[in-house]
Amino acid sequence: MRCFYTVVLLSILIWFGSCDNPDSNTVAIGVLQGPSAMSFIKMIDENPMIDGKKINLIIKDEPQQIQAMMMQNKLDFAVLPTIMAANLYNKGVKYQMVACPVWGSLYIVSSDDVIKTIDDLNDKKIHIFGQGATVDILLQREIELNHLKNIQLDYTYTTNPDLAAALQQNIIRTAVVSEPLVSVLIRKNSKIHIVSKLNCEEFLGNSDKDIFAQTAFLVRKSLTQSDAQLVDDINDLYIQSCNYLSDEPANAAGLLVKHGFFNDTVAATSAIKLSNIRYVSAFAIEQEVNRYLNIFYEFNPESIGGKLPEKDFFYCKDF
């Protein structure tokens, strides 16, 4: 599994270059391996420049690595878990949320034939990564909402790749795994199947709405003031890249294989569908984002910095 990520990282760096110290001739974008990196595939393939500036896409294994670069003012844009973005904002790291690009990529998967639906999880062990993090809190919420009983949560494995490797080797039977490793696992092991997607819905505006604003596309606030046109240009390119995955999934799958994300288009096509990549501007979903963040606030206020972020957290272009 780690080899898979290494190939992806090398591919991105070949096309975009390394940039831990961006300068005036570069636009530095920090993203995490997985759906966040996948959402940039059209930009990766076309390798565009904006007003003579080179786009440097910096891929990291852990969100803490992206966070550190933001705190050091080394990134112009970033994609992070929304709860971490809110936490940073509340602690004075001024990046604004431009959009939500990933709407839930976490799945309960199992190689146990007995476990076919979420109701079959009673009295079972579920392995998860990140105690107290997004996956842990949402899984506990799902357990509560579905009135599941006697479930043992095991935090032995601390990363998504480690969990996937343990599933692949039949060391464990049931776990919560994030795309794109879900599609890779299913492709490699026919016994592994999806039990349920971790859902996150609430009744808003007289209907059930998806509030699973899992990730935040962020921009450095000072950049919106110094070069609003650059922000618009990068945002337009990113919208096109996100839309490309849903509008032309077959072609997008081919590009994901071409650039080393997957070994074949079957897994790539599956990952596109299951990653739920859908660009939605943050100002249009402020209520949904706040309701999503409130789940974590109620569980542990400090997970989002002690309060819901102020309205200024949401970037809204001043027309």
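Reader: Contact here means heavy atoms within 4.5 Å, so leaving aside its neighbours within four places in sequence, which residues is R220 in contact with?

Author: R220 is in contact with N73, L75, D76, K94 and Y95 once those sequence neighbours are left aside. Please keep in mind that this is a predicted model, in which local features need pLDDT of at least 70 and side-chain atom pairs count only at pLDDT 80 or more, while totals for chains, interfaces and linings use all residues. Residues are numbered from 1 along each chain as its sequence is written, and side-chain values use heavy atoms, with hydrogens and water left out.

Reader: Is R220 buried or exposed?

Author: R220 counts as buried because its relative accessibility is 15%, where buried means under 20% relative accessible area, exposed over 50%, and partly exposed in between, with a 1.4 Å probe and protein chains only. R220 belongs to strand 13 (residues 215-220); helices (H or I, at least four residues) and strands (E, at least two) are DSSP runs, numbered from the N terminus.

Reader: And what does the side chain of R220 make a polar contact with?

Author: Its partner is the side chain of S222, at 2.7 Å. A polar contact is a pair of N or O atoms within 3.5 Å; within protein, one must be able to donate a hydrogen and the other to accept it, and residues adjacent in sequence count only if both atoms are side-chain atoms.

Reader: Which order do the strands of the open sheet have?

Author: The order of the 7 strands is 2-3-1-4-13-5-14, with mixed pairing, where two strands pair if DSSP finds at least two bridges between them. Strand 2 (49-50) and strand 14 (277-281) are the edge strands, each pairing on one side only. Within the sheet, strand 1 and strand 4 (residues 77-81) pair in the parallel sense over 2 bridges, and G30 stands opposite A78 in strand 4.

Reader: Changing topic, how many residues of strand 9 are buried?

Author: In strand 9 (residues 174-178), 5 of the 5 residues are buried, so the strand is largely enclosed by the rest of the structure. T174, V176 and S178 point one way, and A175 and V177 the other. Strand 9 also pairs with strand 6 (residues 106-110) in the antiparallel sense over 5 bridges, and T174 is the bridge partner of S110.

Reader: Last one, where is G34 found?

Author: G34 sits in the loop between strand 1 (26-32) and helix 2 (35-38), and because its relative accessibility is 7%, G34 counts as buried. The C-alpha atoms of G34 and E144 are separated by 28 Å, the two residues being 110 residues apart along the chain.

Key: Contact = heavy atoms within 4.5 Å.
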